[in-house]
Amino acid sequence: PVRIRKNRPAGAWTIGDKHMSDITNEIKKRRTFAIISHPDAGKTTLTEKFLLYGGAINQAGSVKGKATAKHAVSDWMEIEKERGISVTSSVLQFNYGGYCINILDTPGHQDFSEDTYRTLMAADSAVMVIDASKGVEAQTRKLFKVCVMRHIPIFTFINKMDREARDTFELLDDIEKELGIATCPVNWPIGSGKAFKGVYDRAKKEVELFSDTKKGTAMGEVQMVPIDAPETEELIGADAKKILADEIELLDGASAEFDQELVDKGQLSPVFFGSALTNFGVETFLKHFLKMTTSPLPRMSDKGEIDPMEEKDFSAFVFKIQANMNKAHRDRIAFMRICSGEFEAGMNVYHVQGGKEIRLSQPQQMMASERKMITKAYGGDIIGVFDPGIFSIGDTLTTSKEKFAYEGIPTFAPEHFARVRQVDTMKRKQFVKGINQIAQEGAIQIFQEYNTGMEEIIVGVVGVLQFDVLKYRLNNEYNVEIRLENLPYEYIRWIENEDVDMDHLSGTSDMKKIKDLKDRPLLLFAHEWSIRMTEERNKGLILSEFGRS
Ligand code: G4P
């Protein structure tokens, strides 16, 4: 809902155009994308292989070795290690082929789809990693759908082709049906599992042969042979060649043609096949992807569209706040996406929502749990700055004389609610501080009973795992133990009427009256039909799914 795309083909600029200023040149090199997948589909492995090609690591396996199998590069919190899921997201930057690439990692579980959505707000495109033996899994549906909601280009990498895969047509069908987005295979797998021979490049009409990459530790040598070449049959086998020919014929007749404009609008997903583990098809994917994806896009503000190619001043918005990420650094970091201009460490910027000028000190870029201080960054980059508690998600910072604010980031309506009780009531202060900070990060939403005082707190979350994270973090970071009592409600509605008489509101038996931290009245419902019934019983009542900020 937020960004307006300009009809500008990806890669339309030549890098190094001497008429452009240095800053614009830097921005044009940027490719900022989010990577999203079901846990275990191979997101970490693929990211690692990208880094290998980018020269950021020398040998694959150094980021995630066997011994630390579940302690992936982006896993910060203990809870992630315990449950083997990624709760928070991190950012990686590397250079490849003249591009400066920013990868935003996203949580691998749909209970954190809101966090994924916020991360997608900071990205210009998304890469979905799908396990070829599984397709779109039930748990991932919601996660991938937020990708589609964001209307950015979506690229699909179908991974683990070195294992027995599902039928390729079925896989594509699955993506189209589940996500409501058309697919366009850029290449096509030749067999799978032990019989995996490589991929067929549809545009070049060449076969890229699966080569030995020393179990994926080294960059593969890409060996291409034209499909019509006499040696192809020998190289991939007569049967495989026949099957490939039949499949390609079927595919050419049935699949959508590549259309950059539809890709730009997020309506057509280019699909690639490969095996991240054995390092096959990774560089091919990266090369095509970098050409097809976009450089930093314009974003909407209250003063109209801000185009990084025209706006000279620095501007950025906060998309994520995270406290106590690392025990060694007990502080709060606000992550911002730079939308235009150049960032320099220690510069003064205007914080639009706070209404004052501030100095951005200790800027950092995150390399998983390691932090790297940075001195310069450009539009398209993501930086983390120390937050003394002044930022909120969606805030704008700029050096522009003409102040503007970027469009906000929508919050998701919570779907699960629980009453929170402290085990040790003496620790009230820590409890209030902890729960408020976690709420500011956007991980939970807090409410109160409508009639009683502050004592009873009700927490709403988008996914139930967030309850576990809350409990864990309060205990670990604030030394507060809580008990959660699950409530049966699933729907939340804010009351938009200014003058509503809450005491005489006639609701349903499965309804509960609560209020938010700004004392605005809300209703919780266990059943969807009760919402309509309540509206009918109280003429003129206006209920909305989202609270006004
Ligand atoms: P995630 O970040 O999406 O959760 O997935 P991750 O990369 O951690 O990969 C999950 C598992 O799948 C890992 O195995 C990884 O080695 C394996 N894997 C990733 N890509 C491929 C591939 O292309 N082919 C095959 N066959 N396997 C792949 P693991 O057992 O959890 O770890 P490990 O003991 O193998 O290191």
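Analyst: Helices α2 and α10 are roughly perpendicular to each other (65 to 115 degrees; under 35 is roughly parallel, over 145 roughly antiparallel, and the rest oblique). This is a predicted model, in which local features need pLDDT of at least 70 and side-chain atom pairs count only at pLDDT 80 or more, while totals for chains, interfaces and linings use all residues. Residues are numbered from 1 along each chain as its sequence is written.

The axes of α2 and α10 (residues 282-292) come within 10 Å and cross at roughly 80°. Axes are lines fitted to C-alpha atoms, for helices over the stretch in contact, with angles from 0 to 180 degrees between N-to-C directions. On the α2 side the residues involved are L46, K49, F50 and Y53, and they meet V282, E283 and L286 of α10 (contact: C-beta atoms, placed from the backbone, within 7 Å). By class, this contact has five nonpolar residues, two charged and no polar ones. Ala, Val, Leu, Ile, Met, Phe, Trp, Tyr, Cys and Pro count as nonpolar, Asp, Glu, Lys and Arg as charged, and the others, Gly among them, as polar.

Helix α2 (residues 43-53) also gives the shell around the ligand its largest share, three residues. In total 19 residues surround the ligand (C-beta atom, placed from the backbone, within 6 Å). The closest of these are G42, K43, T44, T45 and L277. The shell divides into six nonpolar, seven polar and six charged residues.

On the scale of the chain, there are 13 helices and 31 strands. These are DSSP runs numbered from the N terminus: H or I and at least four residues for helices, E and at least two for strands. Of the 549 residues, 45% count as buried (20 or more other C-beta atoms within 10 Å of the residue's own, placed from the backbone; 12 or fewer is exposed, and in between is partly exposed). Among contacts in the chain with a separation of 6 or more, 70% come from residues 24 or more positions apart.

Consider next strand β3 (residues 99-105), where seven of its seven residues are buried. Y99, I101, I103 and D105 point one way from β3, and C100, N102 and L104 point the other way. In a regular strand the side chains alternate between the two faces of the sheet. On one flank, β1 (residues 30-37) runs parallel to β3 and is joined to it by six bridges (strands pair if DSSP finds at least two bridges between them). In this pairing F33 stands opposite I103. Strand β2 (residues 91-96) is also joined to β3 by six bridges, but runs antiparallel to it. Here F94 faces I101 and N95 faces C100. The hairpin of β2 and β3 has two residues between the strands, and G97 in the turn has a positive phi of about 55°.

Helix α1 (residues 22-29) has T24, I27, K28 and K29 as its buried residues. Their cover includes β1, β3 and β21 (376-378).

Strand β9 (residues 206-209) is joined to β10 by four antiparallel bridges, with V207 opposite V225.

A second open sheet has eight strands with antiparallel pairing, in the order β27-β24-β26-β25-β29-β30-β28-β31. Its edges are β27 (482-487) and β31 (543-544); each has a single partner strand, so one side of each is left without a neighbour in the sheet. Within this sheet, β24 (residues 416-422) and β26 (residues 457-461) pair over five bridges, and F417 stands opposite G460. Helix α12 lies across β24, β26 and β27, running at about 165° to β27. V469 belongs to α12 (residues 465-478). V469 counts as buried because 22 other C-beta atoms lie within 10 Å. The C-alpha atoms of V469 and I444 are separated by 9.7 Å, with the two residues 25 apart along the chain.

Key:
Two residues are in contact if their C-beta atoms, placed from the backbone, lie within 7 Å.
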